[in-house]
Structure formats: C-alpha cells, structure tokens
Amino acid sequence: MEFAFQVKGKGTEILKDKKEGEFIDILGPLGQGKFEYEGKKNIAIIGGGIGIFPLYELAKCAKNTAKINMYLGFRNKDLVVLEEEYKKVSDKFVLTTDDGTYGEKGFAINYLKEDLSKEKVDAIYACGPLPMLKAVQAVSKEMNIPCQISLEERMGCGIGACLGCAVKIAAGEETVYAHVCKAGPVFDAKVVEI
Ligand code: FES
C-alpha cells in the first residue's frame, strides 16, 4: 500500500515524519469512491494539484482496456510530482504549470478542450481544485460527454455524522444534500452542484 500526500497542515506534518515500521491508526476505506470506466475505450483524465492522486489508480486499472489521455495541472514546477508514474499509465500525457515553469504553460483544461475538439472520448474523469472541476463540468455538459468528478472536502468524521462535507445534488426537480465522505467522493458531474 502506498500513500501520496502534500504536507499542508499539522496532520500531514506529523505524517511526513513517520518512519517505516511505525504504527498509525487508519479509518477506511470510506465512501463509494469508484470511477466507472468499464466498457469505455477512449477516456480523458484530468487532475490538478493534490487532486491528481486519486486518478492514478483509475489510470492504472483502466489502462488495460482503454486509451488514456491524461492532463495534469500544477501551479508551478516545485509542485510537480509523480510525473514518470503518470506517464507510464497514459497513452497521451500533458503536464501544465500555471506559470509555465515546467511543461506546457497555462491550465490543463485548455489542453483537454483543444483535444476534445479533434478527438472524441467516451468519458472524462476529474479531480482537482473547484475552478478546474467547474470548467470540466461545463465542457462535459456542452459536449454531452459522460463525466465523473471526485470531490475534495475537509472532513471531520468521514462517516456522514458531522455534516461537514455536504454538497448539493440534483435529484429530479429537487436539490438534496449528499456527503462527500459517504456518498462520494466520486459523483456524476451532471448532478453535483459545485
Ligand atoms: S466528514 Fe463528517 S459528514 Fe462527511
């Protein structure tokens, strides 16, 4: 088992100092976090920042049955991680940095959009910052491409008790709340309000 994380606060600061052989308590796996890629032949995967991590396992599993176009965006060169690992599980690989210090300059979504105008894909899978997810959601709706997104939320309990991770979901005519920790983190882009 491997974990990838970015040191961002107290918790991850403690985690980074753990040594091999030390024990940690883990609650999980939690939620229903499964991308549905079965039967898709041509897929696009787009991730940004720490949102790239859940997409690795998806690409690894889907690689045997699908052609994978991968788009990863980072703020700058210093934040680029696992490039070689992601390349190995992609047929097409595009890496962008917002400031152009590494890879292509600009946002990953723009490269995805450009390719979608030339090449049809069966589905899009995304995880990353909200502006990226909103843009992916808009493109998928506009082009009528099935799309699943994995949401990131601060989580207090992980089991649906604290209500800290609620998101709005369209259920027919109504809007209801779902917990990212329990019903997600993977949602159909058509129904989730982000
Ligand atoms: S983290 Fe507590 S309800 Fe989701």
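1. In this predicted model, strand β7 (residues 166–171) is joined to β8 by six bridges, and the two run antiparallel. Within this pairing, Ala-170 stands opposite Thr-175 in β8.

2. The β7–β8 pair belongs to an open sheet of three strands, ordered β8-β7-β10, with antiparallel pairing. The edges are taken by β8 (174–179) and β10 (192–193); each has a single partner strand, so one side of each is left without a neighbour in the sheet. As background, strands of a sheet pair through backbone hydrogen bonds, in either a parallel or an antiparallel way.

3. Glu-83 deserves a separate look. This residue lies in helix α3 (residues 83–88). Is Glu-83 buried or exposed? Its relative accessible area is 17%, and because the cut-off for buried is under 20%, Glu-83 counts as buried.

4. The side chain of Glu-83 has a polar contact with the side chain of Tyr-102, at 2.7 Å. With neighbours within four places in sequence set aside, Glu-83 is in contact with Phe-93, Leu-95 and Tyr-102.

5. On aromatic rings, the count comes to two aromatic pairs. Phe-35 and Tyr-125 form an aromatic pair with an edge-to-face arrangement: the centres are 5.7 Å apart and the planes make an angle of 85°. This pair links distant parts of the chain, 90 residues apart: Phe-35 is in the loop between α1 (10–16) and β1 (42–48), while Tyr-125 is in strand β5 (residues 123–127). Phe-35 and Tyr-125 are both buried.

Notes:
Residues numbered from 1 in each chain as written. Predicted model: local features only at pLDDT ≥ 70, side-chain atom pairs only at ≥ 80, totals over all residues. Heavy atoms only, no water. Helix = DSSP H or I, 4+ residues; strand = E, 2+ residues; numbered from the N terminus. Buried < 20%, exposed > 50% of the residue type's maximum accessible area, 1.4 Å probe, protein only. Polar contact = N/O pair within 3.5 Å; in protein donor to acceptor, adjacent residues only side chain to side chain. Contact = heavy atoms within 4.5 Å. Pairing = 2+ DSSP bridges. Phe/Tyr/Trp six-rings, centres within 6.5 Å; stacked < 30°, edge-to-face > 60°.
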